[in-house]
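Try each task before you read its solution.

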Amino acid sequence: MGVTYTANGTSVCALADVSFETREREFLAVVGPSGCGKTTLLRVLAGLQEPTGGVVERITLPGDQAQRALLVFQENSLFPWMTVLENAAFGLEMQAVGRREREGRARAMLERFGLAGRERAYPHQLSVGMKQRVAVIRSFLSEPSLLLMDEPFAAADAQTRAGLQQELLAIWEQEHRSVIFVTHDVDEAILLSDRILVLSAQPGAVVAEFRVPFPRPRETTVTLDEQLLALKRRIWAKLDRTVKAPSRGAEGRPT
Ligand SMILES: Nc1ncnc2c1ncn2[C@@H]1O[C@H](COP(=O)(O)OP(=O)(O)OP(=O)(O)O)[C@@H](O)[C@H]1O
Ligand SMILES: [Mg+2]
């Protein structure tokens, strides 16, 4: 599928010909240079915009009434007027889960992830890392069949990010969901995912795909593993080439 934006008579081909499948319970990472169409891709998958060419097949997973995809945005997406507890429980509220149950489940998650005692705080009273933890908790409690994450940890400092990655892995290992995780950070992609898609610079297209063969649970130190460094080199080689590729005149044809 492809996406071309048209504004003021000029068109920008954001995604040329992106074609891939995800599997149930798979953690798929998407890496690619800035502006290659990663956010656009997630928006299409979330149903927030239509592809201008091609189709997105939404596979209904067994046991699910309907495929529900949920997008965690690049920027902070908590509701400023809701408390931490209300934010964390929001997805459950949308599913009409009763107050007692949703607050119980949200409290348990907040406690597990170091936010006990902060239930009544408002987002502006939290650190960046805490806000992102609440956003991740909210998304997991929403139980989407496909979780789409757009560089959710990009704004956090390196240490906070390492903590958030471990927390995301811990939650994911407990309740495997299908995740599509967009990131600039190759280490992050390797640490978290089962498979990595590399997108080319604008217009975005899948230029390579890598399996991540490391067993789980994974520790942050996995990024120092020799085998991993080899994988990282191979991914970088693909990324390098795509960054250097001239984007002018590239007329992607949406399929
Ligand atoms: N609403 C829009 N109208 C016109 N062009 C757009 C629109 N949204 C995105 N684009 C263009 O489409 C291309 C892809 O944008 P997108 O935000 O998907 O990239 P990205 O890979 O998420 O970038 P980043 O890594 O910086 O977040 C860019 O050239 C962008 O300028
Ligand atoms: Mg983006």
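**Exercise 1. Sort the residues of the shell around ligand 1 by class, then work out where they come from.**

Step 1. The shell around ligand 1 holds 4 nonpolar, 8 polar and 2 charged residues. Here Ala, Val, Leu, Ile, Met, Phe, Trp, Tyr, Cys and Pro count as nonpolar, Asp, Glu, Lys and Arg as charged, and the others, Gly among them, as polar.

Before going on, some ground rules: this is a predicted model, in which local features need pLDDT of at least 70 and side-chain atom pairs count only at pLDDT 80 or more, while totals for chains, interfaces and linings use all residues. Residues are numbered from 1 along each chain as its sequence is written, chains are lettered from A and ligands numbered from 1 in the order in which they are written, and side-chain values use heavy atoms, with hydrogens and water left out.

Step 2. Ligand 1 is surrounded by 14 residues, and the closest are Ser34, Gly35, Lys38, Thr39 and Thr40. A residue is near a molecule if one of its heavy atoms lies within 4 Å of it.

Step 3. Strand 2 (10–17) and helix 1 (38–45) each supply at least two residues of this shell, and helix 1 gives the most, with 3 residues. Helices (H or I, at least four residues) and strands (E, at least two) are DSSP runs, numbered from the N terminus.

**Exercise 2. Find how far an oxygen atom of ligand 1 is from an N or O atom in the side chain of Ser34, of Lys38 and of Thr40.**

Step 1. For Ser34, the distance is 2.6 Å.

Step 2. For Lys38, it is 2.6 Å.

Step 3. For Thr40, it is 2.5 Å. Taken alone, ligand 1 exposes 640 Å², and the protein buries 64% of that (accessible areas by the Shrake-Rupley method with a 1.4 Å probe).

**Exercise 3. Describe the lining of the second largest cavity.**

Step 1. Its lining residues are Phe113, Arg133, Val136, Ile137, Phe153, Leu164, Glu167, Leu168 and Ile171. On a 1 Å grid over the protein atoms alone, a cavity is a set of points where a 1.4 Å probe fits but cannot get out, and lining residues have an atom within 4 Å of a point.

Step 2. By class, the lining divides into 7 nonpolar, no polar and 2 charged residues.

Conventions. 1 Å grid on protein atoms, 1.4 Å probe; cavity = no way out; pocket = protein on both sides within 12 Å on 5 of 7 lines; lining within 4 Å. Polar contact = N/O pair within 3.5 Å; in protein donor to acceptor, adjacent residues only side chain to side chain.
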